Structures are given as C-alpha cells and as structure tokens.
Amino acid sequence: MTNPDDLTGLIVRNSVYPAHGGGYADVYAGILSKNGLTTKVAVKVIRAHTYTEANQWKIDKRLRREIRVWSCLRHPNIVPLLGTTMSFGLYVAMVCPWMNKGNLNHYLNDKKAELNLRRRLQILTDIVEGLSYLHAQPVVHGDLTTGNILIDDGKAQLSDFGLSNVMAEVRSNSLMSSTVGGAPRWAAPELYHFGTDLKAVPEVTKYCDIYSFGSVALQVISGRIPYEEIASDIHVMMEIMKGRNPTRPAEPLLSDEFWNFIVFCWNRDPSVRPEIDVLREALQILRYSCSEEALAARIIDADKPPEQEPLSEGE
C-alpha cells in the first residue's frame, strides 16, 4: 500500500470560506497546478474542533490509514483521491476532483421534474457497482447517504468511505454513542446504541452499507428522504428506537416491487440483509421487468391535493 501524492503548496483555494460542510469536515474549492496543468479540486478538511490533545494522534493515525486505502481504489463509480495537502490547516487534508453537479441529494432536488425512472435506476446501478467494488476490496463505506454520492458527467460516484470509522473512535456521549455523524435517516439502526455505556462503539459492517443503500434507493426512486414527515433528527432517532422503518411515500414510481426491494435492505437483523451482489442482480431484474412506458415515467407528488381546474365560461 503506497502513500498518496503530497500536493502541499500546489493548491490555491478559491475562497477563505468552505464551499460545503458536513458533519465533521469542510470542503474547500481550489485550483491544483501540477506538471503544467491546472485542475479544479475539492479539498476535504477535518474540522479542527474535532481534535483534542488526547485524541489528536489517534485521529491522525487512523485518518492516514484510511487515506492510504482510498488512494489504492480505482473504479468508475468511486471518487478518485488525487493526493493530500497540509496547506489547509494543522492536519492532513484530502484532495479529489471537483464534481460540477454536486452531491446526489442536490441533484435529485434540482432535477426532480426531469429525471425519469430509467435515469433513476441508472443512478442506483452506479451506486451498486461502486459499493460492490468497495466490498470486494474489502472496504466498508460506513456512511452512505445521498450527501456523499457525487454526480459528474452523468455518473454517480461514491466518496467519504471509511471516514466514519475515523470519527467513531472519538465520538460518544452520555445518551447515545454512534459511528455516524448527523445521518440517522440513512444509517443502519445497529450503529446507534442508546444508553450510558460510553465505551461501547458499534461495529460498522458491510451490512450497514446495505441498509443505507435501501434508504438511498428510497430517495432516488421516490424523491423523498427517509422519514420525510419528521422534521427533527432527534425524533427520527426515537422512531429508530421503536423499531420503525421509514414510511412508504405515496409516489406512483415506487411500485410494490421497488418498495419490497428497499425493505429487503432494512431487515433489523444485519446478517439477514442481502449481499451487495444479490442486490445488483435484483436491481437488474427489476430494471428489465419495467416497460418502456414505466421507464419514461417521472415523479408525481401523489400525496398533494390535485390543483383545481379553472372554471370554463358559463359554469
């Protein structure tokens, strides 16, 4: 396993302010100048307040290990790591290509009226292929959401895999300990334990990814985030504690067959969830069982009352 390229001093940031932010990191836009070429890049920086004097060495060591793993991955549906830099703070930052279409969550919202079922299933196929490649390495993503699936040139690519494992070593509190940071709508229930055991850290497995893929699939096909009717993540966690899955949206694109495919991923027993290659085959079968008319269909907000037709003259 080789170390990634050191790009320190080769990147000029576009702004002192981050372009995006997540649960534990900020993303800066910048221009990489190397070998006479310039490339727009994204620089992911772990927030400084995440580090303390006690955990600094542990986080940095684990982060560098996950970066070395990422640098070895090569797949069309995996965001490539271009290298690292020490120019954006006290700690190592990750550099990858800038994705012009942003993340899948924004893409689904921005293109909601344009995306037909064929395109939505192609996005899911991209995600399955990327996840299948990761699991074969073997690498567990650990934090799969529509926020860290990026879109570029019409293709979905996975990013941020393994970073949840870095944060798991230092994240805990008196009420809840978790390996995920701010993504309970997509995360597997076993990644949360509710209690007072501060030392217990749930294990992130490939079956956690399978559960999260089901939640991503729900959003991709229906256009609705999991637990959409619940505004607060805290209340989402309460639903998870009660063993309740996300409700089925009233969306015609979400047929019984697709809903059953999603629920297949959500079994509360991780060992009963399907392997990723089983999901890949099931998705292919669903895709080829759809008629051309069905594949051309777009989302309808079926749970909204229909707009009244304007009255014609004489009524």
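Modeller: Below I go through the helix contacts, then the cavity, and finally some strands and loops.

This is a predicted model, with pLDDT of at least 70 required for local features and 80 or more for side-chain atom pairs, while totals for chains, interfaces and linings use all residues. Numbering starts from 1 along each chain as its sequence is written, and side-chain values use heavy atoms, leaving out hydrogens and water.

Let us start with helix 3 (117–136) and helix 5 (residues 206–222). Helices here are DSSP runs of H or I with at least four residues, strands are runs of E with at least two, and both are numbered from the N terminus. The axes of helix 3 and helix 5 come within 10 Å and cross at roughly 170°; axes are lines fitted to C-alpha atoms over the stretch in contact, with angles from 0 to 180 degrees between N-to-C directions. Contact means heavy atoms within 4.5 Å. On the helix 3 side, the residues that meet helix 5 include Ile-123, Leu-124, Ile-127 and Leu-131, and their partners in helix 5 include Ile-210, Phe-213, Val-216 and Val-220. By class, this contact has eleven nonpolar, two polar and three charged residues. Nonpolar covers Ala, Val, Leu, Ile, Met, Phe, Trp, Tyr, Cys and Pro, charged covers Asp, Glu, Lys and Arg, and the others, Gly among them, are polar.

Next come helix 7 (residues 256–265) and helix 8 (residues 276–289), whose axes come within 11 Å and cross at roughly 175°. That angle makes helix 7 roughly antiparallel to helix 8. Helix 7 contributes Glu-257, Phe-258, Phe-261, Phe-264 and Cys-265, and helix 8 contributes Val-278, Leu-279, Ala-282, Leu-283 and Leu-286. Nine of these residues are nonpolar, none polar and one charged.

A cavity is a set of points, on a 1 Å grid over the protein atoms alone, where a 1.4 Å probe fits but cannot get out, and lining residues have an atom within 4 Å of a point. One cavity of 30 Å³ or more is counted. Thr-125, Val-128, Glu-129, Arg-280, Leu-283 and Gln-284 line the largest cavity, a set of two nonpolar, two polar and two charged residues. Val-128 also belongs to the contact with helix 5, and Leu-283 to the contact with helix 7.

Now the surroundings. Strand 3 (residues 25–34) and strand 4 (residues 37–46) pair antiparallel over ten bridges; pairing requires at least two DSSP bridges. They form a hairpin with two residues between them, and Asn-35 in the turn has a positive phi of about 55°. Strand 4 also runs antiparallel to strand 6 (residues 93–97), joined by four bridges. In the loop between helix 3 and strand 7 (149–152) sits Pro-138, and the peptide bond from Gln-137 to Pro-138 is cis, with omega near 0°.

How values were computed. Angles under 35 degrees count as roughly parallel, over 145 as roughly antiparallel, 65 to 115 as roughly perpendicular and the rest as oblique. On a 1 Å grid over the protein atoms alone, a cavity is a set of points where a 1.4 Å probe fits but cannot get out, and a pocket is an open set with protein on both sides within 12 Å along at least five of seven lines; lining residues have an atom within 4 Å of a point. Grid points are joined across faces, edges and corners, and a volume is the space filled by probe spheres set on the points.
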